[in-house]
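Subject: Structure for you to look at

Hi,

Here is the structure I promised to pass on. Please open it alongside this message, and my notes follow below.

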Amino acid sequence: MIALIWLPITAASYGAALTLRRRFDSPLLNPTLVAMGALIATLLATGVPYADYASATSPLTALLGPAVVALAVPLHRERETLRRHAGTILVGASAGAACAIAVGAAAAALMHLAPDWALALSSRSATAPISIALAGELHGAAALSAGLSILAGVAGATLGPRWLDLIRVRHPLARGLAHGVASHGIGTARMLDETRLAGATAAVGMGLGGAVVALVLPLL
Amino acid sequence: VLGLLFVPAGVGLAQYAGAGPLWLAVLGIVLVGALATLAVTGHVTQLRLGQTGRSGGLRFGETGRSGR
């Protein structure tokens with residue numbers, strides 16, 4: 001019964017992280033990352049097993065899949081533009097997803113990492129529901145794969161807009177696609193704040209990038 | 001709200017807190033990988049948009065405002 005308190009504690013942690021972000025207005029204070037850090041520290045300090053926490057917060061996790069799918073709503077409004085650039089989007093998303101897999105797989109091989117770490121690093125650019133499913137199928141560690149996916153999402157969504165400014169990627173279609181492929185749902189939510197086209201393209205990138213990861217990793 | 005939904009899955013990393021220094025390397029790979037993926041996807045896409053000359057009547061950086 002006492003485990004149920006983790007649900008309101010999680011919501012309160014996220015609310016506090018949002019307040020912190022608004023007060024200091026720093027992109028580095030990503031609310032998801034701050035709340036995750038605070039809750040991990042709390043679990044470690046109290047010795048509560050993650051299984052108990054996961055069970056208590058399962059209603060939130062169950063909503064994750066449908067919420068990510070709902071990010072595709074802007075697609076409808078931009079369907080004409082997206083259809084016109086279908087070939088470009090396919091090439092861009094495939095190149096980006098290949099790069100994401102290559103960086104993770106090469107780094108894992110160089111460092112001689114255990115298979116569950118290697119899989120989590122290679123699938124990190126896919127959205128958490130996909131990386132969790134891949135971990136189940138390829139005998140990886142679901143929690144590790146989901147965690148690294150979320151870290152990749154936070155990294156891309158936090159640094160991505162300024163990074164793309166710096167390397168002169170300015171077209172909203174290119175910016176959106178890059179965020180969708182590199183940082184899935186978290187990046188897509190960030191792009192929806194930038195422009196509607198970038199948000200719609202990010203949703204496409206998230207889907208295509210996830211599909212490439214899901215198709216390629218079982219072959220490696 | 002979407003960010004909140006990702007939190008419980010991310011907290012699962014608590015099980016790997018014992019990995020210690022390995023985390024520094026992994027975080028570096030995640031960071032570099034995200035930036036590399038953004039750069040490759042963004043440049044390949046933008047290059048193709050430029051090559052085909054079909055930017056859809058959109059000017060770089062000022063289209064599709066969400067109106068938020």
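At what angle do helix α7 (residues 86-110) of chain A and helix α12 (residues 196-216) of chain A pack, and how far apart are their axes? In this predicted model, the angle between α7(A) and α12(A) is about 50°, and the axes lie 9 Å apart. Since angles under 35 degrees count as roughly parallel and 65 to 115 as roughly perpendicular, α7(A) is therefore oblique to α12(A). The crossing of α7(A) past α12(A) is right-handed.

Sorted by class, the contact of α7(A) with α12(A) holds 10 nonpolar and 3 polar residues, with no charged ones.

Helix α7(A) also packs with α11(A), at an angle of about 40° and with the axes 10 Å apart. That angle makes α7(A) oblique to α11(A), and α7(A) passes α11(A) in a right-handed crossing. From α7(A), the residues in contact are A:Ile89, A:Gly92, A:Ala93, A:Gly96 and A:Ala97, while α11(A) brings A:Leu173, A:Leu177 and A:Val181. This contact of α7(A) with α11(A) has 6 nonpolar, 2 polar and no charged residues.

Helices α10(A) and α1(B) pack at an angle of about 135°, with 7 Å between their axes. This makes α10(A) oblique to α1(B), and their crossing is left-handed. Here A:Ala143, A:Ala146, A:Gly147 and A:Ile150 of α10(A) meet B:Phe6, B:Ala9 and B:Gly10 of α1(B). By class, the contact of α10(A) with α1(B) comes to 5 nonpolar, 2 polar and no charged residues.

The largest pocket has a volume of about 570 Å³. It is lined by 20 residues, and A:Arg21, A:Asn30, A:Ala189, A:Arg190 and A:Asp193 are the closest to its centre. Which elements each supply at least two residues of the lining of the largest pocket? In chain A they are α1 (6-24), α2 (31-46), α10 (142-166) and α11 (172-192), and in chain B α1 (2-11). The lining of the largest pocket divides into 11 nonpolar, 4 polar and 5 charged residues.

The second largest pocket has a volume of about 450 Å³. Of the 19 residues that line the second largest pocket, those nearest its centre are A:Leu33, A:Met36, A:Leu151, B:Leu13 and B:Leu27. Helices α2 and α10 of chain A and α2 (22-52) of chain B each give at least two residues to the lining of the second largest pocket. By class, the lining of the second largest pocket has 17 nonpolar and 2 polar residues and no charged ones, whereas the lining of the largest pocket includes 5 charged residues.

Happy browsing, and do write back with any questions.

Best wishes

How values were computed
Residues are numbered from 1 along each chain as its sequence is written. Chains are lettered from A and ligands numbered from 1 in the order in which they are written. This is a predicted model: local features need pLDDT of at least 70, side-chain atom pairs count only at pLDDT 80 or more; totals for chains, interfaces and linings use all residues. Side-chain values use heavy atoms; hydrogens and water are left out. Axes are lines fitted to C-alpha atoms, for helices over the stretch in contact, and angles run from 0 to 180 degrees between N-to-C directions. Helices (H or I, at least four residues) and strands (E, at least two) are DSSP runs, numbered from the N terminus. Angles under 35 degrees count as roughly parallel, over 145 as roughly antiparallel, 65 to 115 as roughly perpendicular and the rest as oblique. A crossing is left-handed if the near helix is turned anticlockwise from the far one by less than a right angle, and right-handed if clockwise. Ala, Val, Leu, Ile, Met, Phe, Trp, Tyr, Cys and Pro count as nonpolar, Asp, Glu, Lys and Arg as charged, and the others, Gly among them, as polar. On a 1 Å grid over the protein atoms alone, a cavity is a set of points where a 1.4 Å probe fits but cannot get out, and a pocket is an open set with protein on both sides within 12 Å along at least five of seven lines; lining residues have an atom within 4 Å of a point. Grid points are joined across faces, edges and corners, and a volume is the space filled by probe spheres set on the points. Contact means heavy atoms within 4.5 Å.
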